[in-house]
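This briefing goes through one protein model, topic by topic. Please look over the sequence and the model before reading on.

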Amino acid sequence: MRRVLLVLVGAVLTSAAGQAQEVTLAEIRKVRLHEIKSAGFVLNQNQTVRIAAVGALDSGRGRHLLATTAWILDAQTRKVVWQERQAEERRRNRRLVELQDSVNLPAGEYEVYFSSFYVTAFKPDRVEDLGDAISLMFDKIFEWDRRNEEYNEEVYEQAMVVIKGNGQPASEETIAAWRRRLQSEAIIAMSGLSDGVYERRGFALERPMALQIYALGELRYEDSFDYGWIVDQKNHQKVWQFTYRDSEHAGGDMKNRMVNTTLALPAGSYLVYFVTDDSHSSRCWNAAPPYDPGFWGIMIRAVDPQMKAYARAFEYREAEDTNVVVSLTRAGDDDYLSKGFTLKKPLSLRIYALGEGRDGEMFDYGWITEAKTGRKVWQMDFRETDHAGGASKNRMFDRIVRFEPGNYIAYFVTDGSHSYRDWNTSPPFDPEHWGLTLSAVDEDFDPKMVAEYVEDKEAGVLAQLVRVRQGENRCTRFKLTKATTIRVYAVGEGRDGEMFDYGWIEDATTRRTVWEMTYRMTDHAGGNEKNRLFNDTILLKAGEYDLCFTTDDSHSFGAWNAAPPHDPAHYGITLYRVPD
């Protein structure tokens, strides 16, 4: 009996000693609206830690929105091990809610965050009905001032998170050392990036290797703002890109996205890029930050730590312009730049183009055509561009394309705003190259392989109706003695799928239309979007034909009611014989 009593007394004393060892591991208070604070702690053994928090609520519109939120990260794995919305809540008043919770954690190092941005209490990418969508829209647009007022001194003084357990608090210096340790273990670490960044690093792999890619950025379903990609240095082909589809929600605002994946690469040299736009980054969040705000950017590690010995990082700088075939750069507003070139042998050309685009459409962009036929062999399409740094509308194309021998013409056009030395928002990382640059990359390149080609727009003209003014209906007849390939160059006006100023070709005998300039077959002709261009070849059999062009009562040669096309002198239609 005495032995049992001693055991019970010992257990009580041990429990009391355990309670006595419990300390405040982390405490965060007084977080102002649109602010985020962090703390850290170390656990020497597996245990249950206790969490007490006072959070702020958005009391408007009856929707449960948290004005503050807290969470805990494993400092080594960067995984969320606890977040506030898991806890039981009790209303203190209209503006404040109390939370009490506990979580079992293994021994290790942890970071605690407390954020004061409005975040929905339910899953942030879940909108169940039209009411949800409308309510969220009103929350974002019309209620920001009200929220600022409601986040008053009472909230500021009382909102907090306190974590208690058996361990030690960590200082800011210690937390920073944890992050530096992770970065030192990585092959590439570009983390904690701010606004308007364009980071480039290189790494070489002596052996094939599996890599872990950990990246946080800002992306939406149809647009990317802060993101990165990896290219093979030898051929500039992408081997990986941070996309919305292949990422997941990173916490906080819906636009915060995260990738934590593995990528197998063969031995070789690679370039890593990461760009950010002019808002929402580690420097200043314009919406709720992600769960791991300190690692905004990209970090690449070897899956097998021992394989890091066969990886080497290196500083990468763009080479000076060498072996340049065409340079159409420093493009200003309403520019129309072009240059012809002849390739005497097959060549691989690096196409480096910076322009302006948004919502799938390009406004400042380039293209390359065959001089003989006018057929496009390359065009700067929005979906194939990357963010060029600065504002998200700054777009970049940087690839290597193989060209066969022949005559080519390179073009670059701009609209009436946001161009070299006249930016209406943040410029790209490389403003001097706004435009199009073609450079030879073959190791055996000889400048004699390239010659200048001078385009003569009036050479080989078969029939022509140009400088057509408003309210005109003009026709001219031409004759073909044999089946002939004809290049049609037509500049007219169209919008919303319909043409207003356009041309066509009729069989002079049967009066049947054998070709007509429709909106779907045209491209933007520069200037106002309604300026349309057709520049391609057609095949006509032997016979007599009438070439016609008609205009409506506005926007034509000499009487533009909006920005004219880039080739106003050829407003109308021209037919060229295509040399055999």
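Predicted model: local features only at pLDDT ≥ 70, side-chain atom pairs only at ≥ 80, totals over all residues.

What volume does the second largest pocket have? The answer is about 400 Å³.

- Two or more lining residues come from each of strand S16 (223–232), strand S17 (238–241) and strand S29 (394–403).
- Strand S16 gives the most to this lining, with three residues.
- Sorted by class, the lining of the second largest pocket has ten charged residues, four polar ones and four nonpolar ones.

**The hairpin of S16 and S17**

- Strands S16 and S17, which both give residues to the pocket lining, also form a hairpin with five residues between them.
- In the turn of this hairpin, His236 has a positive phi of about 60 degrees.
- The two strands run antiparallel and are joined by three bridges.

- Five strands form an open sheet in the order S6-S5-S9-S2-S12, and their pairing is antiparallel.
- Strand S6 (80–83) and strand S12 (167–170) are the edge strands, each pairing on one side only.
- From one strand to the next, the twist averages 25 degrees.
- Within the sheet, strand S2 (residues 36–43) and strand S9 (residues 108–115) run antiparallel, with eight bridges joining them.
- Ile36 has Ser115 in S9 as its bridge partner.
- Helix H5 (residues 172–185) lies across S2, S9 and S12, and H5 runs at about 110 degrees to S9.

**The disulfide**

- A disulfide is a covalent bond between the sulfur atoms of two cysteines.
- The structure holds one disulfide.
- This disulfide is formed by Cys475 and Cys548, whose sulfur atoms are 2.2 Å apart.
- Cys475 lies in strand S34 (residues 473–480) and Cys548 in strand S40 (residues 543–550); the two cysteines are 73 residues apart, and the pair links distant parts of the chain.
- The link of Cys475 and Cys548 is right-handed, with 110 degrees about the S-S bond.

**Cavities**

- How many cavities of 30 Å³ or more does a search of the whole structure find? The search finds three.
- The second largest cavity holds about 110 Å³ of space.
- Its lining consists of 14 residues, of which Tyr336, Trp367, Tyr489, Ala525 and Leu533 are the closest to the centre.
- Strand S30 (406–413), strand S35 (484–495) and strand S39 (531–540) supply at least two residues each to the lining of the second largest cavity.
- By class, the lining of the second largest cavity has eight nonpolar, four polar and two charged residues.

**Val466**

- Which strand holds Val466? Val466 lies in strand S33 (residues 461–466).
- Leaving out residues up to four places away in sequence, Val466 touches Arg474, Ala569, His570, Tyr571, Gly572, Ile573 and Thr574.
- Val466 and Val491 are 25 residues apart along the chain, and 8.9 Å separates their C-alpha atoms.

Methods: Residues numbered from 1 in each chain as written. Heavy atoms only, no water. Pairing = 2+ DSSP bridges. Helix = DSSP H or I, 4+ residues; strand = E, 2+ residues; numbered from the N terminus. Axes fitted to C-alpha atoms, helices over the stretch in contact; angles between N-to-C directions. Contact = heavy atoms within 4.5 Å. 1 Å grid on protein atoms, 1.4 Å probe; cavity = no way out; pocket = protein on both sides within 12 Å on 5 of 7 lines; lining within 4 Å. Points joined across faces, edges and corners; volume = space filled by probe spheres on them. Nonpolar A, V, L, I, M, F, W, Y, C, P; charged D, E, K, R; others polar. Disulfide = S-S within 2.5 Å.
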